[in-house]
Amino acid sequence: MPKIKEEALKFGEHDQALAIATFPTVLPKSCPILVIFNAGLLSKSEPFRMNVLAARACAKKGYIAVRIDLSGKGDTPTREGLSNRESVNKDWAALEKSLYSRFGKRTFILMGLCSGADNAIKIAAQSNGVRGLILLDPKIPQDTGYMYRHWHQKVTSPQKWLNISSTLSNRVRALFSKNKDDINVNELRDLPTEEELNIVCKKMAENNGRVLSFFTSFALPYYNKKGQFVSVTNIPNFEHFCDEYWWPHIDHVYSVQAHREQLINTIECWCEQHLQVFQQEKLNPL
Amino acid sequence: MLEPFHFGQKEQLFGIYHPPSQGDIAKAVVICPPLFDDYRRTYRACAEMAKALSSKGLHVLRFDYFGTGDSWGELHESNTDVWIKNIHLAIDELVALTGLPDVTLLGIRFGATLASHCSHPGISQLILWDPIESGENYLSILSHNDKLKRLANEKEGYVCKTEAKNMDYSNFILGQELKHSMQSLSFNTENCSNDHLRLISTTNNFMTESVAKITNVSFPCSWDDFGRYYGELLMPKPVLIQIIDALCQK
């Protein structure tokens, strides 16, 4: 297993944005760069140090893993007067330039949780250098069977029947009270469009890219079956390019250490399995 | 302006130095961060506070203890003695960077508890935000929050009860050495009557009455109230203002 080291990188206007790169001490010529976007308002090491340990695990498999604070998060100052999308695009342009300058031109794999996944998709849709995605709770369309499975699960779950009185009273209470603390996180997200998601999936298929996706209990409002992501893309043989995990027993931010370890082990194995693919030139699809 | 770097033995600790951006009042601060979910909730507030202090002419060093944050190592490889030594290393580093003879320690939550045990000769002042009085109590609260999390997931039907009961549902799994050292650690009252100690409290129920200077700030940090705060980040401006004022006093 290669020894690894870490280096702090400053980039962007006045070198004020911060990232940390983890990579093998002996750097292989064509190893890809895994960029891990911060999640929501959290810093680059979070949630619960997950990004730190994921970056180190992937670096040991031969990747340059870079965890980054986007503008306004963690240690990176806020950019005033720009929309989120504009700001993320500027961050990406600056980071890409900085990484090429430091490590030379390489293939990118983008990883993110929640808004991090949204940013990964949006950037991959417009960038030609991205050949892999690791998406944690990305927002995807419901498929035709979603509502049936949703109601079937409710009707056949003993737990739901046992809790029905408290569920109903909570719903009634919520209906008549405006609690400013009740925020639907999904409404705060600057989501990629369905078109962007389709463009990205098509690109991955056409360029022999790879996608690794995870869906937790947080995704239940739109996802409830393993394979749903592949099916909504309508891309033939997309299951060849996309690995999908459905973990409804795990929460959105992987607050349990055992769950974080499960996630990191899965990512590590996937990275190891596909390293040669990312090192190759793009091949024609099947 | 910020300068990230690695320091300490084998460069295992990660730190960020904020030099003065306007003027230089020849004062240096080492921020001793909190742990676990307190760390996650206060990270941005600490970054903004360091920036504000640097704009007032102070030198600031933020860092992560061994096994936490962006530093090397894992939790089970650490203990509170190591963390207290980490604070001493951070003090040495900031003194070397600035040429100043001494520093102020700003401790937050368990970071404040650790700071209260530091005996480095280069410490001129201690400013502590909501220190944890009893390490044993703190671990009990963390364990209770883990149980609440498990019960919440079980209730939603997302986790099989058997699975939850048979697995370690901890937010962070602490090694035996770390657990034991945290359980044995309490806020060090020997520093309490010291003129150079200032306590900033939002809990209003700090049990150690011998602390000379306490500033009570009305702001609900909800440190231990899992059901209320879960997921929230903290940006307690009234607290940060008090801390910045205390640090800028000559």
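A salt bridge here is a side-chain nitrogen of Lys or Arg within 4 Å of a carboxyl oxygen of Asp or Glu. The model is predicted: local features need pLDDT of at least 70, side-chain atom pairs count only at pLDDT 80 or more, and totals for chains, interfaces and linings use all residues. Side-chain values use heavy atoms, without hydrogens or water.

**View 1. Salt bridges between chain A and chain B.** Five salt bridges link chain A and chain B. Over all chains the count is 22. One of the five pairs A:K44 with B:D70, with the closest N and O atoms 3.9 Å apart. A:K44 sits in the loop between β3 (33-37) and α1 of chain A. B:D70 sits in the loop between β4 (58-63) and α2 (80-98) of chain B. Helices (H or I, at least four residues) and strands (E, at least two) are DSSP runs, numbered from the N terminus.

**View 2. The interface of chain A and chain B.** Contact, meaning heavy atoms within 4.5 Å, involves 43 residues of chain A and 41 residues of chain B. The two chains bury about 3400 Å² between them, 53% of it on carbon and sulfur atoms. Buried area is the accessible area (1.4 Å probe) that two parts lose on being put together, summed over both. A:F48, A:R49 and A:D75 supply 17% of the area that chain A buries against chain B, more than any other three residues.

**View 3. Polar contacts and the chain A side.** The interface holds 20 residue pairs in polar contact, both residues at pLDDT 80 or more. A polar contact is a pair of N or O atoms within 3.5 Å; within protein, one must be able to donate a hydrogen and the other to accept it, and residues adjacent in sequence count only if both atoms are side-chain atoms. Elements of chain A giving two or more residues to the side that touches chain B are β1 (4-11), β2 (17-24), α1 (50-60), α5 (158-162) and α10. β1(A) gives the largest share, six residues.

**View 4. Backbone details in two loops of chain A.** A cis peptide bond joins A:E46 and A:P47, with omega about 5°. A:P47 lies in the loop between β3 and α1 of chain A. A:D15 has a phi near 55°, a positive value in a residue other than glycine. A:D15 lies in the loop between β1 and β2 of chain A.

**View 5. Helix α10 of chain A.** This helix covers residues 257-279, 23 residues in total. From first C-alpha to last, α10(A) reaches 32 Å, close to the 33 Å expected at 1.5 Å a residue. The expected span is 1.5 Å times one less than the number of residues. α10(A) bends by about 45° at A:Q273. The bend is the angle between axes fitted to the seven residues ending there and the seven starting there.

Key
Residues are numbered from 1 along each chain as its sequence is written. Chains are lettered from A and ligands numbered from 1 in the order in which they are written.
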